[in-house]
Amino acid sequence: MNIVEPIKSIEDIQNIKRILSKKPRNALLFSFGINSGLRIADILSLNVKDYIELREKKTNKYKKFPINENLKVEIEKFVKDKPDERPLFFTQKGYRLDRAQAYRIINKAARMVGIKGRIGTHTLRKTFGYHFYQQYDDIVMLQKIFNHSTPSITLRYIGIEQEDIDEVYRNFYL
């Protein structure tokens with residue numbers, strides 16, 4: 001299994017959103033992933049009516065969380081007039097979007113903006129984690145969100161590397 005990286009550049013994220021905006025489903029898939037921190041299997045298993053609470057596929061743990069108001073607006077706009085039992089992310093034929101299709105969508109958009117690193121569906125979850133940590137500096141909260149056993153696992157998982165540590169040292173002075 002290849003290990004993927006988070007998208008660390010806000011500019012790259014905005015450019016991917018712009019590219020994906022031509023297809024509302026793809027734009028929502030990306031936005032949902034980077035703003036929820038859910039695994040792709042959990043995202044793709046959602047139906048129109050149940051996007052706020054779920055049972056995680058990998059851990060079988062129940063998860064319920066509020067959705068950011070901006071993301072909620074995106075979701076409500078996308079699901080308007082769609083039946084509750086329909087998959088949230090579906091193909092043109094009405095089938096549930098699968099992992100391979102999601103991978104192609106995300107990878108193609110990342111390549112189009114010039115990202116050369118390892119990108120995959122798990123990049124969405126890692127991107128959420130990286131930017132959550134950058135914004136809140138709360139590794140314990142992120143550890144709980146991800147259900148990781150230790151903060152060090154979470155730091156490694158979100159791609160905090162020596163260059164990030166070096167940058168902190170360069171900018172820290174009392």
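Buried means under 20% relative accessible area, exposed means over 50%, and partly exposed lies in between (1.4 Å probe, protein chains only). This tour uses a predicted model, in which local features need pLDDT of at least 70 and side-chain atom pairs count only at pLDDT 80 or more, while totals for chains, interfaces and linings use all residues. Residues are numbered from 1 along each chain as its sequence is written, and side-chain values use heavy atoms, with hydrogens and water left out.

**First stop: helix α4**

Please select lysine 72, which is partly exposed, with a relative accessible area of 25%. Its partner in a salt bridge is glutamate 69, and the closest N and O atoms of the two are 4.0 Å apart. A salt bridge is defined here as a side-chain nitrogen of Lys or Arg within 4 Å of a carboxyl oxygen of Asp or Glu. Glutamate 69 is exposed, at 52%. Because the two residues stand three apart in helix α4 (residues 69-79), about one helical turn separates glutamate 69 and lysine 72. Helices (H or I, at least four residues) and strands (E, at least two) are DSSP runs, numbered from the N terminus.

**Second stop: helix α9**

Next, select arginine 170 and glutamate 167, whose side chains meet in a salt bridge (3.4 Å, N to O). Both residues belong to helix α9 (residues 162-171), where they lie three residues apart, about one turn of the helix. Arginine 170 is exposed, with a relative accessible area of 59%, whereas glutamate 167 is partly exposed at 39%.

Now select arginine 118 and glutamate 5, which form a salt bridge of 3.6 Å, N to O. Where in the chain do arginine 118 and glutamate 5 lie? Arginine 118 is in the loop between α5 (99-112) and α6 (122-136), glutamate 5 is in the segment before α1 (10-20), and the two are 113 residues apart. Arginine 118 is partly exposed at 45% relative accessibility, and glutamate 5 is partly exposed at 28%. By the rule given above, the count comes to four salt bridges.

Move to histidine 122, found in helix α6. This histidine is partly exposed, at 27% relative accessibility. Which residues does histidine 122 contact, leaving aside its neighbours within four places in sequence? They are Val4, Arg39 and Tyr157, where contact means heavy atoms within 4.5 Å. Valine 4 and histidine 122 are 118 residues apart in sequence, yet 6.7 Å apart in space, C-alpha to C-alpha.

Display helix α2 (residues 24-36) together with α6: they pack at an angle of about 45°, with their axes 6 Å apart. The axes are lines fitted to C-alpha atoms, for helices over the stretch in contact, and angles run from 0 to 180 degrees between N-to-C directions. On the α2 side, the contact is made by Leu29, Phe30, Gly33, Ile34, Asn35 and Ser36, and on the α6 side by Leu124, Arg125, Thr127 and Phe128.

**Last stop: two residues in loops**

Finally, select aspartate 137, in the loop between α6 and α7 (139-146). Aspartate 137 has a positive phi of about 50° although it is not a glycine, and it is exposed, with a relative accessible area of 58%. Asparagine 147, in the loop between α7 and α8 (151-157), is not a glycine and has a positive phi of about 60°. Asparagine 147 is partly exposed, at 33%.
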